[in-house]
Amino acid sequence: MSFIQPYLLLGLPLFLIPILIHLLNRLRYKSVAWAAVMFIMKATKSSTSMAKIRQWLILFLRMLAVAALILAISRPLMSGWLGWKLAGTPDSVIILLDRSTGMGCRVGGGENILQKGVDLISEAGIKTAPGAKVIVIDSLNLNPEFVPGWNVLKFLPSTSVSQGDANFPLMFKKAVNYLLKNPGGLTEIWCVSDMNRGSWSPNSPEWEEVNEKIKALSVPVIIKVLALKSGTRNNRSVDFRKILNYSTKAEGNIYEVVFNIMQDSAAGDSEIPLTLSVNNINTQKSVKVNGGNSLVRVRLPKPENNKIALGAVKIPDDINLYDNTCYFAYGEPLKGKVIIQADNSYLSALLTAAAFPVGDGSNAEILDSEVKITSSLLNGAALYISAGEFPSGETGEKIFKFLNSGGIALFFPPSGINSVNSGSKFIWGNVNKFSSDNVMRVTVWDREDGIFADSVSGSQLPLGSIEINKRALLSTGDIKSYSLCSDGRPFFYKKHFSGKGCLYFCTTLPLDSWSNLGGGPVLVPVLKRMRQDGSERFSEILPGECGKMSFNSKSNELQKVYSEESKESDIVGSGGAGIYFYNNKFIVLNRAQSSDSSLTVSGDKVVHLLKDKKVYLFSQKVENDSALQAEIWRWFLIISFCFLIVESFMLTPKKEDL
Amino acid sequence: MSLNISDKNNLVDPEVLARLSRLPMCARGLVEGSFSGMHRSPHRGASVEFAQYRKYVPGDDVNNIDWRVYAKTDRFYIKEFEADTNLRCYFVIDSSGSMGFESGGISKLEYAVRSVAVLAQILVQQSDTVGLQCFSDGLNFDIPARGSAKHLGNIFSVLSSLKPSGETKIVKVLHDLAEKINRRALILVFSDFFTEVEELLDCFQHMKHRKHDLAVFHLLSEAETDLNFDRAVRFMCMETNYSIVTEPALIRNDYRKEFNAYMERMKQGCREFHVDYRKVFIEESYDKTLANFLLERAR
């Protein structure tokens, strides 16, 4: 037997407390002058044997009760199958299998956590539910899969580690849906997990729905959670962040890959070797990393003739082979035009200069405010910038179509007289002026993500230095604030569209009479980010997360063109990271990052999430060779109570004594 | 209730005496006294109550021949009448160490002394004679039965001087007393009787054999019957130096069993030998105990 909190066993000598109290009581006797000593003597003689045995038995029970209580709070784990067996024999078993990357950590003799879990589950199934119908729902495919027998479980592709993440609320929903369609007798849901917090999403509102659905089931359901815990924390992982592309006068166009190396925060500073591979040419580098997360930037070779280059960053193998490589593709020039439409030629020129700071303005389409926007114009555009009213009618619909297809649109207030278009879905309000000693400033913006996010190096965009003298807010429109001024009113509005397109409204103009936004430090990177976002729809590079993209893995068009890890070749299309060529696009699949976190959920939390259900928690240290371990503190608590109840019965005087 | 019994003038509470003196103290059987009194004598005497006829034998006073019977039967018969006599009462008080056991603010010995003082006063008032025997490991005081006020003063002096001490030798003392008191008398014994019950019953049998009217006041405390202590106690014997440390909870059941068996045997033995047995808890007031005793005697 092992314990989750073994240090509490130091309190085990406390079980001697009843004896100490007894001895102290014996020492603290009081003296009484007694007349009927003859009866005391007779009673002492006759009661010595039985009463003493009884007294010592009571003491012994008290000691056992205290010892059981201490053992209970030490949270003992019982080896063997007794704990698993205690819940009875089910008619069917649904296995929810966490195949996330974290489950790929190798333990002991080379077996990873998932393999260990599957072995334990198979063994448990053979011993406790040999005739049960077995269904597997794995975290990657989420489809209920019938398993013909416990012995074949570990040979199934759906029981191997993937590079996707796990979503237990969703897996539970799938399991319940299966049970609704296939009701049976006593059903058990067995969860195999490393208890990663990202996999269990304890704050997800979906748990409410899961509980409601389980409650509505006509069949009784017992949930058993096999919590696999590893004492090893020396894993190191690498994940791709982004490709930086900027130009300098001296070197021209420069590409850098930014990736994050994560290791245990207690690991401290160290220098690790890594392999940068671009178009199958490997370069060895060494980088310094800290404990925890370390963002690393590595300059990439210039792609030849503007061709897309494929690459990977690989760190040395460690206990988890599934998180040591990340993939990227770069070199593709920004595609798509920038349409700039303003009623002011100076403003048009300024916006063009901001959108193309190095002078490559060939992709700019500058239109007069009177020109009607056509579908053909928008079809080739990545970004549409307009200083004026949002168009109504047919033109407005075209812009919505453009946004739904992934385009980006930015609207500024009209610099001239505002002609109110009552049919428009977004209407500018009156222009507010601020005195020079009371200029409006930007105070709130999202530094984590989006067009105002901090740079990769961590420096923030100087939005705080923007001084706004004139501002026009939207008077009508279903749109949310994206950043706020010091008076709490919007600086930018933003609306997402289904095809990754975005509609922005800026409440001031980059003109000196309105604000100093035209100075450059904010407008240039913002327009560049918008242009990058808008040109993604033309890109031949499609980034994605393992398990989140679905494509027909049997299609002849699917080719894995770049992968460092040959072992994943068998899971192409079902979660293996790498670069694929599919439908004339390079699909760069990197592993899901939600399972990278070392944060875990406790067993109690899981029991709480599945409230009102019969949940049995079985904790297992994967380093242990022993079979399944179950937390049995409740039994010790019950035993402790039983001892106390027996003790109280023994202390209760008999009827004839009363 | 005043607890001071060292002053002989305080032994009798006048209020208690006033209440109890209305009740006569009667002997249940025949007693042999020296003077005429209110108690029945085994001898024939001159009372108005007819006793029996018996055949004339030479030597009988011819004046006692019932001539009417002679006229009818032609035989000589003597007509006899009951004799009334005074009562001789002996109070026997156990003054051993165990009688010092206190409960409710009074010791067993104090309880006995106050009871004896009141009863002695009542008896002397009704022209009976009272004697006092006090013992522990031997007979400490032996005052013969007399009925004068001076004699009562002597008894009170002895009572006020009693202190609990020594070991009980009640069996020997009672046997001795049974032999020593050669005429029928009322004997009242005040003790806790903590000795072997069979030996004690032998004493009672002996006394009854000597035709004494025997009443025993078994002085007990509720604490002694219950043994209600919640932690370890060192019980120190009040008569010897013996002491024992024990857990009352451990022995309580057996103690009660032993105690109840003893009490049951005591009651049964007393019934068997026609001894007037009185279980007295010293937590109760002594005047109530005495009132019950006198009332039952008067019936």
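Q: Which residues touch the most other members of the largest nonpolar core in this predicted model?
A: The model is a predicted one, and its largest nonpolar core holds 81 residues. Helix α3 (residues 108-125) of chain B gives the most to this core, with 11 residues. The members that touch the most others are Cys89(B), Phe91(B), Val116(B) and Leu188(B).

Q: Which residues does Val116(B) touch, not counting residues up to four places away in sequence?
A: Val116(B) is among the members of the largest nonpolar core that touch the most others. Leaving aside residues up to four places away in sequence, the residues it touches are Phe91(B), Ile93(B), Leu159(B) and Phe190(B).

Q: How many residues does the other core have, which lies apart from the largest one?
A: Nonpolar side chains in soluble globular proteins tend to be buried together. Another core lies apart from the largest one, and its members include Leu378(A), Ala409(A), Leu461(A) and Cys485(A). The number of residues in this other core is 54.

Q: What percentage of the residues of chain B count as buried?
A: Chain B is built with 9 helices and 12 strands. Among its contacts between residues at least 6 apart in sequence, 78% join residues at least 24 apart. Of its 299 residues, the share that counts as buried is 39%.

Q: What is the mean pLDDT of chain B?
A: For the model as a whole, the scores are ipTM 0.78 and pTM 0.54. In chain B, 85% of the residues reach a pLDDT of 70 or more. The mean pLDDT of chain B is 83.

Q: Which elements of chain A do the buried residues of α10(A) pack against?
A: The buried side of α10(A) includes Ile399(A), Phe402(A) and Leu403(A). Just after the helix, Gly406(A) takes a positive phi of about 110°. The elements against which the buried residues pack are α9 (375-379), β20 (381-387), β21 (408-412) and β28 (502-506).

Q: Which element gives the most residues to the side of chain B that touches chain A?
A: The contact takes 25 residues from chain B and 25 residues from chain A. On the side of chain B, the elements that give two or more residues are β10 (233-237), β11 (243-246) and α8 (248-272). By class, this side has 15 nonpolar, 3 polar and 7 charged residues. With 8 residues, the element that gives the most is α8(B).

Q: Is Ser201(A) buried or exposed?
A: Ser201(A) stands in the loop between α6 (197-200) and α7 (206-216) of chain A. Its phi is near 40°, a positive value in a residue other than glycine. Because it has 20 C-beta neighbours inside 10 Å, Ser201(A) counts as buried.

Q: What is the phi of Lys211(B)?
A: Lys211(B) lies in the loop between α6 (197-209) and β9 (213-220) of chain B. With 15 other C-beta atoms within 10 Å, Lys211(B) is partly exposed. Most residues other than glycine have a negative phi. Lys211(B) is not a glycine, yet its phi is positive, at about 65°.

Notes: Residues are numbered from 1 along each chain as its sequence is written. Chains are lettered from A and ligands numbered from 1 in the order in which they are written. This is a predicted model: local features need pLDDT of at least 70, side-chain atom pairs count only at pLDDT 80 or more; totals for chains, interfaces and linings use all residues. A nonpolar core is a set of buried Ala, Val, Leu, Ile, Met, Phe, Trp, Tyr and Cys residues joined through C-beta atoms within 7 Å. A residue is buried if 20 or more other C-beta atoms lie within 10 Å of its own, exposed if 12 or fewer, and partly exposed in between; C-beta atoms are placed from the backbone. Helices (H or I, at least four residues) and strands (E, at least two) are DSSP runs, numbered from the N terminus. Two residues are in contact if their C-beta atoms, placed from the backbone, lie within 7 Å. pLDDT is the predictor's confidence in each residue, from 0 to 100. Ala, Val, Leu, Ile, Met, Phe, Trp, Tyr, Cys and Pro count as nonpolar, Asp, Glu, Lys and Arg as charged, and the others, Gly among them, as polar.
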